[in-house]
Amino acid sequence: MKTQIHTISAPHDGSYDNEALSCSTIDISTHNGEPHGGLRGSNEFILSDSGKKVTGDDETGQLNLWLQRKAKSAFSEKMIKKRLPILRWLPQYNSTDAIGDLVAGITVGLTVIPQALAYAGIAGVPAAYGLYGSFLGCIVYIVFGSCKDVPMGPTAIASLLTFQTAGGNVGKAILLCFLSGVVELMMGILGLGFLVDFVSGPVSSGFTSAVSLIIVTSQVKDVLGITAKGTTFIEIWRNIFNDIHNVQVWDTFLGLTCIAVLLIMRIIAGLKVGPADDELKSKNHRIINKMMWLIGTSRNAILVIVCGAIGYTFQSSATAPFKLIGDIPPGLPSFMAPPFSLTANETMSGHEESFMEMVSSLGSGLIVVPLIALMENIAICKAFSNGKPVDATQELIAIGLANIANSFVQGFPGTGSLSRSAVNNASGVRTPMGNIYTMGLVVLSLLFFTPYFSYIPKASLAAVIIAAVVFMVEVKVVKPMWRTKKSDLIPGLGTFIACLALPLEMGILFGVGLNVVFILYHAARPKISVERLTSPGGAEYLIITPDRCLIFPSVDYVRNLVTKQSIRQSLPVVIDCSHVYGADFTAATVIDSITQDFARRDQPLFFYNLKPSVCAIFEGLSPADFVVYYREEHLDDLLKQRAYKPKEVISA
């Protein structure tokens, strides 16, 4: 028996009739006996810009054409402005923008300095290195960054990943910064920004919440004044309880007091005095509200200054009742290449390490750190984009170049910070130029204030981290997730638990893997509707409609359901393929088998509205009695051709 393809023809020239025009309400008359006015489609050849025909077999011609188009687009004015965003906004830069950026930059600078000192502790490196990674990358982001609200620098998550990857070794942390930047830059050049799409919302929430708890846990030791090392949540708490008998009263008192003060000042930043309507507020009301917001926003800097002054009164760490962060080298860091090898004195093992040994020790962190940095940055861009599209590729290029630059001034990996971005946005930032004022404050602090930073108590920096990070635990997403789709809680909760129990890179990979399993399950179990209808000619038939493509995980499931329903109903079966936008070889073999089964039972089977691309895949195996139609009135004609007579219903 031959394959029957009603209304689809396949001429020798490789073209095909567009059968969608058969159902069109537009009257398209025939031309020279050809259907649809002679309108045909073809994928056999394309035309170059010069008008020269390039056939499908001319692979060299297609490659040359692709290279020409890429080169032309890469050097177009549109692409240059896309890859150098500063060219778009700098020509229109005015005094209003400058004032907004100045206020926002200084406000963010007052936030980034204490955070940088604190995040260095999370990364396991001396406090100065947090400041080293907070200024040069800002300049790079001004030129290449596409989001005005992103302040480039260390973040809590990036710092924790740095510690888990580099193990507190300064040389490896700097090399990680360089290599992460290289990976991010290459991902941007290759257009791999879409990889962040594989991290779903539930997985991202579970990861962020787990990281927040780990960071809080890592700072408990400084609040209590004890020593408790570890890389995972469970390991850190085990070491805390083992050393709990060495708790320092003054450190604990200072740390808890600082946390309480920071939380109170956070509340003050959101308070408003005067009438609820801003237009009814007096000038004094506006001034008071602005002062309250500024005090609350600068709470970290205020607290660190006050605690530093308290530490300074003791003149030396030897007489201080609490632990201080210690000496910080004054001045700017030397501009030099990141270390590509370590001497015996720079390693914990006491043996020299070559570049390849250092890279090997960094392991999966070389991939995880750039991906998480991108995820953080894209989250910021989306939060403040006001509905505008976010260019993930450009952000990869920007943070990649920024990290490469930071590695030459001994910085560790960084990216955009959500908390500082919120401050930046609330301060009225207008362009990425706000980064230059933030950079200026960091440079001034390195030049003139580093001798005083040594008197800052460790407990106060731990309080800064805890008060900021504790609000990153995304408890608020659980209720909406429960209301919308409860199954999304499984990958979210699984990621959360895995990140607490395992190293972070393993936790995020577990979460992504769990999410992929759910996606594959849904692909393997498409929703299928079964209806018993009557054709225009009065014949009853069964129509089965799958809601997605037919690929290898789902075809056996679809086959079993089609077979079961066809035997039970004993009616002609129509498979509505309107939603089947793709198929594979396994699906073709199953379709061939199904048509043979129906032919043996002498039961009609038709395929309705099958897309030409999918039809070509099914035809590859030349299935017997493979019948396709596109208009409902054709069904009665097909049934008459088969002379089908309904049999008695067989119970299944």
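**Aromatic rings**

I began with the rings and found that Phe-178, Phe-335, Phe-340, Phe-355 and Phe-408 form one aromatic cluster. For pairing, I took rings of Phe, Tyr and Trp (its six-membered ring) with centres within 6.5 Å; planes under 30 degrees apart count as stacked, over 60 as edge-to-face and the rest as tilted.

A note on the source: this is a predicted model, where local features need pLDDT of at least 70 and side-chain atom pairs count only at pLDDT 80 or more, while totals for chains, interfaces and linings use all residues. Residues are numbered from 1 along each chain as its sequence is written, and side-chain values use heavy atoms, with hydrogens and water left out.

How many aromatic pairs does the structure hold? I noted 14. One of the edge-to-face pairs is Trp-250 with Phe-253, 6.3 Å centre to centre and with 90° between the planes. Both residues belong to helix α11 (residues 249-270), where they sit three residues apart, about one turn of the helix. My helices are DSSP runs (H or I, at least four residues), numbered from the N terminus.

Are Trp-250 and Phe-253 buried or exposed? Both are exposed; I used under 20% relative accessible area for buried, over 50% for exposed and partly exposed in between, with a 1.4 Å probe and protein chains only.

Next I looked up Phe-618 and Phe-626, also an edge-to-face pair, at 6.0 Å centre to centre and 85° between the planes. Phe-618 counts as buried because its relative accessibility is 1%, and Phe-626 is buried at 0%.

**Charges over rings**

I then searched for NZ of Lys or CZ of Arg within 6 Å of a ring centre and within 35 degrees of the ring normal. Arg-266 lies over the face of Phe-471, 3.7 Å from the ring centre. Arg-601 has its charged end over the ring of Phe-598, 4.6 Å from the centre.

**Lys-172**

I found Lys-172 in helix α8 (residues 170-189). Its relative accessibility is 12%, so Lys-172 counts as buried. Its side chain makes a polar contact with the side chain of Ser-361 at 3.3 Å. Here I counted N or O atoms within 3.5 Å; within protein, one must be able to donate a hydrogen and the other to accept it, and residues adjacent in sequence count only if both atoms are side-chain atoms.

**Helix α9**

20 of the 24 residues of α9 are buried, so this helix is largely enclosed by the rest of the structure. I finished at Gly-225, which follows α9 and has a positive phi, near 75°.

Key: Helices (H or I, at least four residues) and strands (E, at least two) are DSSP runs, numbered from the N terminus.
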